[in-house]
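This report goes through one structure by site and by secondary-structure element. The sequence and coordinates come first.

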Amino acid sequence: MPDRILIRGGTVLTMEPGARPRLADVLVEDGLIAAVAPGLPDDGADVVDASRCIVLPGMVDTHRHVWQTQLRGVTHDWSLKDYIRSVRFQAAVFYRPQDMYTGNYLGMLEAIDAGVTTVLDFSHCVNTPEHAEAALAGTRDSGIRSMFALGLNDVPVPHPHFATLEQRIEHARTLRTKELPSDGGLVTMGISLSDVLVAGIERVTQEVAVSRELGVRITLHANAVMFPQPVSEVAFLDEAGLLGPDLVWVHMNQTTDEELRRVADTGGAVSTTPETEMQMGMGHPAHGRFMAVGGRCTFGCDVISNNSGDLFPQVRLALQTERMLRNDAELARRHGPDDIGPSTLSHLEGATVNGAEALGLSSRIGTLTPGKEADLIVVRGDAPNTLPVNDPVAAIVLHAHAGNVDTVMVAGRILKRDGRLLADPARRLALMDESHGHLFDAIEAHGGLIPQPPAPLPW
Ligand SMILES: [Zn+2]
């Protein structure tokens, strides 16, 4: 007998193009979606009651630095420069492999709890090969689907294990061969590029070349730091003939419309992380401009050291910010807006099907289509903040939060049920206490998160 789970009686948003919400059952067999239809027989299946619930594909976060879980909220009043000094140049130095494990394991549980079933993990605290292995182990133990994007950037540790880029490249090759050879697994490999302003164009070009040799997706920050003068990563990759559909661009706030068009025309993806972009002075979120030139929006939570790992509010912020920008343009010519801009549905697509496409996974996940892998979530429509469900898309994008997520399934495996994560809560606390104790003792012993006087940045 196949392994069968029946999600019964929910309002199903398959997120297939043009599909209308409908009351239906979703049958999962051996990890795959077998059928979406009303009145399916259970035939001994494990039944999840989804009445008064909304069933939809699990959300895809296209930009998150999962290792930072222990640093939750430390940057809440800080600028981007403060973040770089405190997290990237200070805390990262004290991460041991076991801290990477804890950061990734607990960070991925946080994502699952909030209905995120896939994360593009921009892992840029790889101080040794063991750091990467531990992060991977934490991810795998959580049960989530992830693209582990190995950072090729340097971390300013006093005695670096990786003294040269060549050593990092060698490590990337080994990881691809030994740990992540398959592009069909639950965890697949990607590469995170160094920041151009820190590493220089020559190095980043080399990093792109090796990523393509490995045949993996590439993700990079653009415009994250724009002083003393703007650096256009799009322009330099375009001039070098390196734009392509394997690139996931992050923070395109300062990118011109013409450059966004080049990214869209070459099949690249864009990830918007509205909360960090707005707080940390990166500029207006660019996903609306990307959509205007034919691109498709996707979203990420970015850093848990600042904001939560709940993707619902990021999608909401992105939608309403874009509407505000469009409405402002109308108001500037003293005209009441007739068209407020992008639809709510377009942003739910951004958090589901578009994210899957950005990661090259749209043939496997992103919609509730028979034959695809069963990554889905069940969101309660009878909570005080979701009842009544007059429009299921609006309920998800404008009203829901992580606490409304009843059930989470990844590749047919249930990871959250009846509103509770199935992972051991005692282990979660023990891991955090040990790692948090080590990290904050070490940070304190070295002058705090931003040592005084603060380490100056050249921009
Ligand atoms: Zn980032």
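Is Glu 110 buried or exposed?

The model is predicted. In it, Glu 110 has a relative accessible area of 17%. The cut-off for buried is under 20%, so Glu 110 counts as buried. The residue belongs to helix H2, which covers residues 97-113. Apart from neighbours within four places in sequence, Glu 110 is in contact with Arg 72, Ile 304, Ser 308 and Gly 309.

## Zinc site

The zinc ion has four protein donors: NE2 of His 63, NE2 of His 65, NE2 of His 221 and OD of Asp 302. Along the chain, the donors follow the spacing H-x1-H-x155-H-x80-D. His 65 sits in the loop between strand S6 (59-64) and helix H1 (80-88), while His 221 is in strand S10 (residues 217-221), so this pair ties together parts that are 156 residues apart in sequence. Both His 65 and His 221 are buried.

Why is the arrangement of the donors called irregular? The angles subtended by the 4 donor atoms around the zinc ion run from 83 to 169°. Four donors count as tetrahedral if all angles lie between 85 and 135 degrees, and the range of 83 to 169° makes this arrangement irregular.

## Helix H11

Helix H11 comprises 22 residues, 311-332. At 1.5 Å a residue the helix should span 32 Å, and the distance between its end C-alpha atoms is 32 Å, which agrees. After the helix comes Arg 334, which has a positive phi near 55°.

The buried residues of H11 are Leu 311, Phe 312, Gln 314, Val 315, Ala 318, Leu 319, Thr 321, Glu 322, Arg 323, Asn 327 and Glu 330. An α-helix has 3.6 residues a turn, so residues three or four places apart point the same way. Among the buried positions, Phe 312, Val 315 and Leu 319 can be read against that rule.

## Strand S14 and its partners

Strand S14 (residues 376-380) is mostly covered, with 4 of its 5 residues buried. Strand S5 (residues 53-57) runs antiparallel to S14 and is joined to it by 5 bridges. S14 is also joined to strand S15 (residues 405-410), again antiparallel, by 4 bridges.

Ile 377 takes part in both pairings: Ile 377 is the bridge partner of Leu 56, and Ile 377 stands opposite Val 408 in S15.

## Other buried positions in helices

Which residues of helix H12 are buried? They are Thr 344, Ser 346, His 347, Leu 348, Gly 350 and Ala 351. H12 (residues 344-351) is therefore mostly covered, with 6 of its 8 residues buried.

Ser 211, in helix H6 (residues 201-214), has 0% relative accessibility and so counts as buried. Beyond four places in sequence, Ser 211 touches Ile 191, Leu 193, Val 216 and Ile 218. Phe 290, in helix H10 (residues 287-292), counts as buried at 1% relative accessibility. Residues up to four places away aside, Phe 290 touches Leu 260, Val 263, Ala 264, Gly 268, Val 270, Gly 295 and Arg 296. Phe 290 and Val 263 are 27 residues apart in sequence, with 8.7 Å between their C-alpha atoms.

Terms used. Residues are numbered from 1 along each chain as its sequence is written. This is a predicted model: local features need pLDDT of at least 70, side-chain atom pairs count only at pLDDT 80 or more; totals for chains, interfaces and linings use all residues. Side-chain values use heavy atoms; hydrogens and water are left out. Helices (H or I, at least four residues) and strands (E, at least two) are DSSP runs, numbered from the N terminus. The expected span of a helix is 1.5 Å times one less than its number of residues. Buried means under 20% relative accessible area, exposed over 50%, partly exposed in between (1.4 Å probe, protein chains only). Contact means heavy atoms within 4.5 Å. Donors are N, O and S atoms within 2.8 Å of the metal (3.2 Å for Na, K and Ca); water is not among the atoms, so sites may look incomplete. Four donors count as tetrahedral if all angles lie between 85 and 135 degrees; four count as square planar and six as octahedral if opposite donors are over 155 degrees apart and all others between 65 and 115; anything else is irregular. Two strands pair if DSSP finds at least two bridges between them.
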